[in-house]
Amino acid sequence: MSDASKGLSLYNTLTRTKERFVPIDPRNVRMYVCGPTVYDFAHIGNARPAIVFDVLFRLLRHLYGESHVTYVRNITDVDDKINARALRDFGGEIAAGKLSLNDAIRKVTEKTADQYHKDVAALGCLQPTFEPRATEFVAPRADGKADMLSLIRQLIERGHAYVAGGEVLFDTASMPDYGELSKRNLDEQQAGARIAVDAHKKNPGDFVLWKLSTPEEPGWESPWGRGRPGWHIECSAMSAAYLGEIFDIHGGGLDLIFPHHENEIAQSRCAHGTKVMANVWMHNGFLQVEGQKMSKSLGNFFSIHELLENETFGGRKWPGEVLKLAMLMTHYREPIDFSVRKLEEAENTLRKWKRAADLAPAASTDLPTGVVEALSDDLATYAAFQGLTQLASEAGEVGGEKAAASLKAALAFLGFDVGAAKVDEAAVAKAIADRLTLIAAKNWAEADRVRDELLAQGVQLKDGKNPATGERVTTWEIKR
């Protein structure tokens with residue numbers, strides 16, 4: 001086994017096998033993950049890749065050193081859905097001449113990108129090394145980094161793209177092994193671009209690289225007319241800009257295998273003349289909500305922000321780290337049923353772990369070997385969590401401080417807060433007063449909900465009676 005592998009094995013979608021991971025350069029392990037399209041707040045399904053690949057990022061940093069891992073996650077801020085959202089939200093101001101379409105688009109993307117950053121931070125995710133925006137990589141750059149127009153020009157020059165009907169299209173027939181990632185035959189392909197294309201394609205599977213814009217649409221000047229890029233070309237440009245023509249790991253959701261990742265591979269390989277784009281392709285599984293596909297029509301479509309800040313799911317707000325643990329309790333490649341019951345299970349588990357970790361004054365300087373080994377086996381989080389539960393059990397025994405310190409180190413490594421519980425005393429006092437009012441009104445369900453929410457924050461209530469008046473008295477203490 002090569003020392004460069006560090007014992008890490010990952011499932012490669014490209015080969016459909018679990019392989020020993022050996023980086024191209026152990027001094028610079030490179031990973032690209034498809035980020036959000038910022039036309040609306042990120043939904044809970046978007047949280048899964050952010051969480052999964054954050055764990056991988058942490059593991060790679062542990063194995064190879066923090067300064068030897070480069071993680072790029074893009075932001076898609078050019079898309080026809082964004083244009084439509086800008087017209088919907090600011091159409092009146094645009095029509096009145098108070099705001100240009102480009103300015104309206106910027107307002108939409110800035111708001112949603114900022115919210116995405118707040119959401120993933122609440123989930124306990126590290127910031128990626130680089131987070132490029134698509135709009136910054138359309139035209140040639142002063143720093144010489146890869147850009148979309150230059151890649152499209154290379155594809156045309158190499159005979160892999162053509163101009164038709166005012167568009168530039170990728171010629172899928174020019175790539176003999178097109179479809180290798182998704183294992184689809186060429187005659188099974190669909191256009192698959194977010195921008196609709198007409199019937200002027202040479203092949204049904206040909207997809208848009210460049211689309212002309214009307215004067216009312218955002219656009220960039222190009223050799224093929226003022227227009228905007230297709231969906232797939234952006235990731236080929238941004239990954240090459242920061243990671244090179246060939247890099248180690250490309251990640252994203254299972255739904256991106258086709259067409260997005262398939263087309264990324266086609267563009268990048270054909271533009272650069274390489275045999276691969278990334279050596280390892282990783283994909284997290286689908287997410288359902290309470291046993292059903294998430295859909296606005298079914299009323300089970302939830303944004304990360306909603307779950308964190310509103311009481312629309314299970315009648316309460318959920319801490320970010322509870323959402324995170326609930327996601328990781330299922331192996332990343334398996335489908336996950338996101339439910340109130342799963343969140344409650346995650347919350348109870350996390351509370352037990354933290355109580356045990358609190359028995360140690362400080363975290364160990366070393367991570368538990370079993371936890372690292374489990375994560376090194378294709379991110380086997382379930383096995384890693386079994387190790388954490390065992391440490392929590394040992395921490396409660398005589399001489400269990402070492403186990404508690406190891407548990408605290410492992411929780412911190414995974415991005416869970418192991419610091420002293422932070423409590424807003426005024427907010428606790430108000431919640432207790434509200435609960436007493438609910439109890440007086442015999443609204444037991446709501447009173448229990450207030451109690452449970454406080455407990456989730458590490459605040460345990462104790463009910464008693466005033467010996468003089470016989471009235472209920474509630475005190476509290478910090479307890480995980």
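Biologist: Where in the fold is P259 placed?
Modeller: P259 belongs to helix α6, residues 257-272. Helices are DSSP runs of H or I with at least four residues, strands are runs of E with at least two, and numbering starts from the N terminus. This is a predicted model, in which local features need pLDDT of at least 70, side-chain atom pairs count only at pLDDT 80 or more, and totals for chains, interfaces and linings use all residues. Residues are numbered from 1 along each chain as its sequence is written, and side-chain values use heavy atoms, with hydrogens and water left out.

Biologist: What kind of peptide bond joins F258 and P259?
Modeller: The bond between F258 and P259 is cis, with omega at about 10°. Most peptide bonds are trans, and most residues other than glycine have a negative phi.

Biologist: What is the phi of R16, and where does R16 lie?
Modeller: R16 has a positive phi near 60° although R16 is not a glycine. R16 lies in the loop between β1 (9-12) and β2 (17-20).

Biologist: Why does R16 count as partly exposed?
Modeller: Buried means under 20% relative accessible area, exposed means over 50%, and partly exposed is in between (1.4 Å probe, protein chains only). The relative accessibility of R16 is 35%, so R16 counts as partly exposed.

Biologist: Why is E290 called partly exposed?
Modeller: E290 has a relative accessible area of 43%, and is therefore partly exposed. E290 sits in the loop between β11 (287-289) and β12 (292-293), and its phi is positive, near 50°, in a residue other than glycine.

Biologist: What makes α12 mostly covered?
Modeller: Of the 13 residues in α12, 10 are buried. Among them are A403, L407, L411 and F413. The cover includes α1 (44-64), α9 (340-357), α10 (369-375) and α11 (381-395).

Biologist: Why are α2 and α3 described as oblique?
Modeller: Axes are lines fitted to C-alpha atoms, for helices over the stretch in contact, with angles from 0 to 180 degrees between N-to-C directions. Angles under 35 degrees are roughly parallel, over 145 roughly antiparallel, 65 to 115 roughly perpendicular, and the rest oblique. The axes of α2 (residues 80-95) and α3 (residues 101-122) come within 8 Å and cross at roughly 120°, and α2 and α3 are therefore oblique to each other.

Biologist: Which residues of α2 and α3 meet?
Modeller: Contact means heavy atoms within 4.5 Å. The residues that meet include I82, L87 and F90 in α2, and L101, I105 and V108 in α3.

Biologist: How do you know that β5 and β6 pair?
Modeller: Two strands pair if DSSP finds at least two bridges between them. Four bridges join β5 (residues 161-164) to β6, and the two run antiparallel. A164 is opposite E167 in β6. Two residues lie between these strands in their hairpin, where G165 has a positive phi near 60°.

Biologist: How many bridges join β6 to β7?
Modeller: Three bridges join β6 to β7 (residues 207-212), again antiparallel, and F170 has F207 as its partner in β7. Both faces of β6 (residues 167-170) are covered, with E167 and L169 buried on one side and V168 and F170 on the other.
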